[in-house]
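My notebook is open, and I want to look through this one piece by piece. Here is what I had on screen.

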Amino acid sequence: MNPIKNAGSVIFYRMPGFFHLSGTAWDDREVARVTWTNSTGGSGTAQGSTAWSISQVALKRGTNVITVTAYDTSGNRSTTSRTIYRIF
C-alpha cells in the first residue's frame, strides 16, 4: 500500500487563519479513511478517501507540520508530512 500522493511540498504561507490541503490516495482494495494532525495542535478526518481534502486547518506562526495518514480496509496505513511556515 502506498496510498498518498500529490499532497504538496514545503509551503510558505502568509495569510492568517486557515489552510486547505488536498490529495489522492489509492490501494489495491479500498481506502477506508484519511486523517490529519498538525504539530502545533489540531487533528481530524479528511473529507473523502481516494480524493480527499482537508479544510480549515488552523496555522500558528512559525513551523506547522501537517501529517496525513491514509488507512485501507485491512488497517494498513501510509503517512506523509508537509511543512508549512506561517510567516505573519
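Predicted model: local features only at pLDDT ≥ 70, side-chain atom pairs only at ≥ 80, totals over all residues.

I began with a strand pairing. In β5, I found that Ala-51 is the bridge partner of Thr-24. Stepping back, I saw that β2 and β5 (residues 51-58) run antiparallel and are joined by six bridges.

Next I followed the side chains along β2, residues 18-24, and they alternate. Phe-19, Leu-21 and Gly-23 point to one face and are buried.

Back in β5, I stopped at Gln-56. Its phi is positive, about 60 degrees, although Gln-56 is not a glycine. Is Gln-56 buried, exposed or partly exposed? I looked up its relative accessible area, which is 46%, so Gln-56 counts as partly exposed, between the cut-offs of 20% and 50%.

How many aromatic pairs does a search of the whole structure find? I got zero. I did find Arg-33 over the face of Tyr-71, at 4.0 Å from the ring centre.

The protein averages a pLDDT of 81, and 82% of the residues score at least 70. By element, confidence is highest in strand β4 (residues 43-45), with a mean of 96, and lowest in strand β1 (residues 11-13), with a mean of 54. Over residues 1-10 the pLDDT stays under 50. For that stretch the model still has 40 contacts beyond four places in sequence, and I put a pencil mark beside them.

Conventions
Residues numbered from 1 in each chain as written. Heavy atoms only, no water. Buried < 20%, exposed > 50% of the residue type's maximum accessible area, 1.4 Å probe, protein only. Helix = DSSP H or I, 4+ residues; strand = E, 2+ residues; numbered from the N terminus. Pairing = 2+ DSSP bridges. Phe/Tyr/Trp six-rings, centres within 6.5 Å; stacked < 30°, edge-to-face > 60°. Lys NZ or Arg CZ within 6 Å of the ring centre and 35° of its normal. pLDDT = per-residue confidence, 0-100. Contact = heavy atoms within 4.5 Å.
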